[in-house]
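Work through the exercises below with the structure in view.

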Amino acid sequence: MDTTLPTAIELQVVTPERLVVSASATAVSLPGKSGCLGILPGHAPLVSELAAGVISYEREGATQRLAVSDGFTEVLPARVIVLARTAERTEEIDIERARSARQRAEERLKRLPDSQDGDERSQVLAALARAIARLDAVEER
Ligand code: ATP
């Protein structure tokens with residue numbers, strides 16, 4: 001049996017439309033629902049839901065970032081797979097669009113009565129979280 005630990009992680013980020021990232025990384029950080037998941041090669045297998053946020057990974061000494069929302073991840077010792085409704089690499093992010101989305105969501109939240117709970121509030125909060133994730137990915141918050 002081969003007991004040597006892997007030295008790299010194959011990271012794949014997939015949405016219903018496309019393969020967003022397929023890269024070999026030395027470390028991956030994921031926005032887990034209950035906090036940041038730091039993954040190194042050889043990590044124990046796990047499955048987790050992701051929060052809207054930033055995935056970052058180290059590749060050839062540089063850090064790459066992308067925004068993600070509505071995702072799940074499967075972590076294996078030498079592979080991390082992310083399936084998400086949306087994911088954008090930093091160079092794909094339209095900063096003005098994300099700023100407008102954040103502003104729209106903030107204004108809608110202010111107009112929602114405090115008593116308003118449920119679907120509308122969760123939708124606005126989710127839109128706000130997606131916009132903030134995109135701005136965080138490009139470090140423009
Ligand atoms: P908006 O209100 O600006 O449409 P949204 O959060 O409602 O934002 P989503 O439903 O999450 O948008 O995404 C719809 C599509 O648009 C997805 O393919 C997503 O990758 C893309 N997208 C959304 N916002 C941006 C952005 N700021 N830059 C680049 N692509 C974006």
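Domain bounds here come from an automatic or database domain assignment. The model is a predicted one.

**Exercise 1.** Describe how domain 1 and domain 2 are placed and how they meet.

Solution. 
- Step 1. Take the bounds: the assignment gives domain 1 (9-91) and domain 2 (94-138).
- Step 2. Locate the centres: over C-alpha atoms, those of domain 1 and domain 2 are 23 Å apart.
- Step 3. Look at the contacts: 12 residues of domain 1 touch 7 residues of domain 2, with heavy atoms within 4.5 Å.
- Step 4. Take the area: about 660 Å² is buried between domain 1 and domain 2, and carbon and sulfur atoms give 61% of this.

**Exercise 2.** Find the salt bridge across the interface of domain 1 and domain 2.

Solution. 
- Step 1. The rule finds 1 salt bridge across this interface.
- Step 2. Glutamate 88 pairs with arginine 134 in a salt bridge, and their closest N and O atoms lie 2.9 Å apart.

**Exercise 3.** Which residues line the largest cavity, and why does the cavity lie between the domains?

Solution. 
- Step 1. The count is 1 cavity of 30 Å³ or more, and the volume of the largest cavity is about 30 Å³.
- Step 2. Its lining consists of Ala67, Val68, Ser69, Thr86, Glu88, Arg130, Ala133 and Arg134.
- Step 3. Strand E7 (62-76), strand E8 (79-89) and helix H2 (119-137) each give two or more residues to this lining.
- Step 4. By type, the lining residues are 3 nonpolar, 2 polar and 3 charged.
- Step 5. Domain 1 (9-91) and domain 2 (94-138) both contribute lining residues, so the largest cavity lies between them.

Technical notes: Residues numbered from 1 in each chain as written. Predicted model: local features only at pLDDT ≥ 70, side-chain atom pairs only at ≥ 80, totals over all residues. Heavy atoms only, no water. 1 Å grid on protein atoms, 1.4 Å probe; cavity = no way out; pocket = protein on both sides within 12 Å on 5 of 7 lines; lining within 4 Å. Points joined across faces, edges and corners; volume = space filled by probe spheres on them. Helix = DSSP H or I, 4+ residues; strand = E, 2+ residues; numbered from the N terminus. Nonpolar A, V, L, I, M, F, W, Y, C, P; charged D, E, K, R; others polar. Buried area = accessible area lost by both parts, 1.4 Å probe. Salt bridge = Lys/Arg side-chain N within 4 Å of Asp/Glu carboxyl O.
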